[in-house]
Amino acid sequence: MKSLIRSMCIAAAAVALPAAAAQLEELTPVYLAPLLRILVHPGSPAFAAPVPFSGTPAAKGQWSYEGPEAVWRYRLRVPLATSLSFKATGFQMPAGGTLRVNGRPITALDQAGGELWSAISPGDGLVMEARMPAAARDQFALRFEQLQVGFRSLFGGADHPDYGPALAGSGGSAAATPCDTQNFTCWETPENTEQGNATVMLIVAGSAQCSGTILRPIGGGTDKIYILSASHCFEGTTARAASRNTRVFYNPKAPCGSDIARGYTLGEDAGIGGTLANAIGDSWLFEFTGARPVGTSVSMAGFDASDA
């Protein structure tokens, strides 16, 4: 699969816009259908395809000056994508500067291990705007490495047209819910709310969706947060890389009666970043280094418990 991903191409077509707006770049992933035939199978956590993508603010978008500020704007669109996000390296922002992606500011919670992973945006477009003191423009740096092109809708709406045929070819159905999964919201009571609050949603490397359970060791007086999930959540990458590049959402909820694979709210975005603790068989345990949980519970005593 890695060789196929590396061989993927992106065809670009520039679309002229009014001078006040950044130029729109339309990107067409070539060979997406063959890639989906590898990524998509019944029970697969993948919802987006990792597509190589390169460029810097010097080569993409446009610069302007507004009073004392230098402003960089870049817009891109991947037709038919159900969601978009990106991975970048070498990110540097001078003091007093900000970078926003679809209106959302990039913060330390989006960065881990020298990499920047943007939050998932529904739809097929990204609008980026960076503002900084004009004198510090040369200190702004960003190097795009990858786009995560959504093919299975997480936000409602239609899937990518290549998704259904790829799933059917693997023996699955878009209408099926694997493992007879049931929506916890339909069964929530005051007695089990604590267990529900210990559940988190994981977005692995911007392209796979899984769930996890918050654990905390009971010895040593540590306040570290560990998350237990499954190794099949990081197909195509390593446990160490997945631990570092996983975004965690606390308190994800789906209304009772909704499609639990699509009709949920993302919950509280706690950011990205973690360190591998262990991965044996289909179990995956990592220490989460993002934001501390708010309004969550630790329902399991911990992996080092002896009398729980």
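Reader: Is C210 buried or exposed?
Author: This is a predicted model. The relative accessible area of C210 is 11%. Buried means under 20%, so C210 counts as buried.

Reader: Which residue forms a disulfide with C210?
Author: The search of the whole structure finds two disulfides. In one of them, the sulfur atom of C210 lies 2.0 Å from that of its partner. That partner is C233.

Reader: Which hand does the disulfide of C210 and C233 have?
Author: Look at the torsion about the S-S bond. It is about -100° for C210 and C233, so this disulfide is left-handed.

Reader: How many residues apart in sequence are the parts that C186 and C256 tie together?
Author: C186 and C256 form a disulfide, with sulfur atoms 2.1 Å apart. C186 sits in the loop between helix 3 and helix 4, C256 in the loop between strand 17 and strand 18. The parts tied together are therefore separated in sequence by 70 residues.

Reader: Is C256 buried or exposed?
Author: C256 has a relative accessible area of 51%. Exposed means over 50%, so C256 is exposed.

Reader: Which residue is the bridge partner of M201 in strand 15?
Author: Strand 14 and strand 15 pair in the antiparallel sense over six bridges. The partner of M201 in strand 15 is S211.

Notes: Residues numbered from 1 in each chain as written. Predicted model: local features only at pLDDT ≥ 70, side-chain atom pairs only at ≥ 80, totals over all residues. Heavy atoms only, no water. Pairing = 2+ DSSP bridges. Helix = DSSP H or I, 4+ residues; strand = E, 2+ residues; numbered from the N terminus. Disulfide = S-S within 2.5 Å. Buried < 20%, exposed > 50% of the residue type's maximum accessible area, 1.4 Å probe, protein only.
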